[in-house]
Amino acid sequence: MTFVRPVIIFIGLIALWQIVVVVSGAPHYILPGPLAVVEAWISRPALFLQHGAITLAEILLGLCFGLALGVTSALVMAYFRPAREWLLPVLVISQAVPVFALAPILVLWFGYGMASKVIMATLIIYFPVTAAFHDGLRRTEPGWVELARSMNASRWAILRHVRIPAALPALGSGLRVATAVAPIGAIVGEWVGSSSGLGYLMLHANARMQIDVMFAALGTLAALAIALYFAIDFAVRHSIKWQPDSHPDET
Amino acid sequence: MTNSAANPSLSPTPVGLSVRGAHLAWQDKVLFDGLDLDLKAGRWTCLLGPSGIGKSMLLRLILGLDGLEGKSDVISCSDGLPLDGRVAFMAQRDFLFPWLNIIDNVLVGRRLRNDNPPDAQAHDQACHLLSATGLADVAQAMPDTLSGGMRQRVAIARTLMEDRPVVLMDEPFSALDAITKIKLQGLAAELLSNRTVLLVTHDPLEALRLGHSVHVMRGRPAILGEAIEPHALPPRQVDDHEVLEHQGELLKQLAEASL
């Protein structure tokens, strides 16, 4: 049932889409049917794959940098009290500025290439990763810390052997959220200024009324995002095997 | 008491402990002031008393955990050396690390102090302790696959691995079912027979089975009542006449302390 359900949902949505197209009689340049979109994709697969690869590369690089920066910030905040007192407000304030509003500036500074999109994705990933990991590091079971102290462990040893492993499930959750929002950064960056990537392809097709191409690019992006999410989810589950999946209503 | 499971070479020289004039205030309440306690070398001292009287706090004061100051002034060891690094702690919950397997949990003290993997000798020692606690088969298992009783056995093995002359236990068996509890009490008494132990408990039967001396803590600020010292060596049987004899008296003292 676990595997069947998404398939049924997917087929149901496609069917609904087809029904809307038929019932509303919308012209193909406003809302193309699912078949037209599939045809657009099949007629030029290289186009979607090439642009998709660029967007995927931007997302993955953003994830790497965002994860590295987020983990480092959370660790510094957990270990050095002054760093926490100074960094935490900055972090919260930084969230008051929507990343989208920064997109034009980032494109201006870092150009039309991949760099500005990677930075966008990094910025959008940084916060959920930092917040989740820092939260996990703060909420260490007091009994574990008490035990480690009674064993004469140093603060560093407690961080390394107790607080970090204990915070990994929280980091995993943060990484899942980050993966879900990462494509937003890359796509917005591409909309503001670029000459490649799925975001660019969508704007380009839209301007030429090639709505089927636009939908095909959107479908490619959705498939990429879902595949990426499940890959990260799988990786997180397998690297934190000791954390059981809890089903409170089943046990 | 001699036994086959405990390795005598393991046991460090017993150290006695005396607390003189301990003072502790917690959240504007004076829990105790001028409290005296003697832990005889190589003996089990049990501490009973109503909830909130300060038993666990007294234990934590000796353990020297954060926020509880004045330790060095009030605590002295029978050999004149400082207590630092010579105390092991066992809590009500096992606090096993779920990301480490059983043998690594037993060895976690080495990991926490040396910051590197334990040597082969320590590993052999851990294996020996796992056999002594009946856990040899699950050495490679993860903690969440074990029952509460087995997990607490791991905690006992971990405490023994620390190899400290003084062991402080805060209601270590209270979360276990009656039969498991009696088994583990016997096991702990056997394996920790040569240590200076302070056992905080809510269970008069447990105190009378295990303690060389049993104190009731009462009043605010709290003081210690006269010690009950059964003659037979622990662990005593649950139906031992001395245990049954003292149980009534102990319950009476506890009831009075709870008023």
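User: How do you know that the span of helix 6 (residues 114–138) of chain A agrees with its number of residues?

Analyst: The model is a predicted one, and the reasoning rests on its C-alpha atoms. Helix 6 of chain A holds 25 residues, which at 1.5 Å a residue should span 36 Å, and because its end C-alpha atoms lie 36 Å apart, the two values agree. The expected span is 1.5 Å times one less than the number of residues.

User: Where does helix 6 of chain A bend, and which proline follows?

Analyst: The bend, of about 25°, falls at Y126(A), and P128(A) is the proline that follows within four residues.

User: Why is R176(A) called buried rather than partly exposed?

Analyst: The relative accessible area of R176(A) is 19%, and buried means under 20%, so R176(A) is classed as buried. This residue belongs to helix 8 (residues 155–192) of chain A. Leaving aside neighbours within four places in sequence, R176(A) is in contact with Y229(A), D233(A), V236(A) and R237(A).

User: And what makes A232(B) count as partly exposed?

Analyst: Its relative accessibility is 28%, whereas buried requires a value under 20% and exposed one over 50%; A232(B) therefore counts as partly exposed. In chain B, A232(B) sits in the loop between strand 9 (223–224) and helix 9 (241–257).

User: Which residues does A232(B) touch, if those up to four places away in sequence are not counted?

Analyst: On that basis A232(B) touches D240(B) and E242(B). As for V243(B), it is 11 residues from A232(B) in sequence, and their C-alpha atoms are 9.4 Å apart in space.

User: Turning to chain A as a whole, what makes up its pattern along the sequence?

Analyst: The pattern reads α-α-α-α-α-α-α-α-α-α, in keeping with a count of 10 helices and zero strands in chain A. Along its principal axes, the C-alpha trace of chain A spans about 75 × 50 × 30 Å.

User: How much of chain A is buried, and what share of its contacts joins residues at least 24 apart?

Analyst: Of the 251 residues in chain A, 40% are buried. Among the contacts of chain A between residues at least 6 apart in sequence, 74% join residues at least 24 apart.

User: What is known of the surface and charges of chain A?

Analyst: The accessible surface of chain A comes to about 13900 Å², and 72% of that belongs to carbon and sulfur atoms. Chain A has 15 positive and 12 negative charges, whose mean positions are 9 Å apart.

Notes
Residues are numbered from 1 along each chain as its sequence is written. Chains are lettered from A and ligands numbered from 1 in the order in which they are written. This is a predicted model: local features need pLDDT of at least 70, side-chain atom pairs count only at pLDDT 80 or more; totals for chains, interfaces and linings use all residues. Side-chain values use heavy atoms; hydrogens and water are left out. Helices (H or I, at least four residues) and strands (E, at least two) are DSSP runs, numbered from the N terminus. Buried means under 20% relative accessible area, exposed over 50%, partly exposed in between (1.4 Å probe, protein chains only). Contact means heavy atoms within 4.5 Å. Accessible areas come from the Shrake-Rupley method with a 1.4 Å probe; for residues, only the protein chains shown count as cover. Lys and Arg count as positive and Asp and Glu as negative; His and the chain ends are not counted. The place of a charge is taken as NZ of Lys, CZ of Arg, CG of Asp or CD of Glu. The bend at a residue is the angle between axes fitted to the seven residues ending there and the seven starting there.
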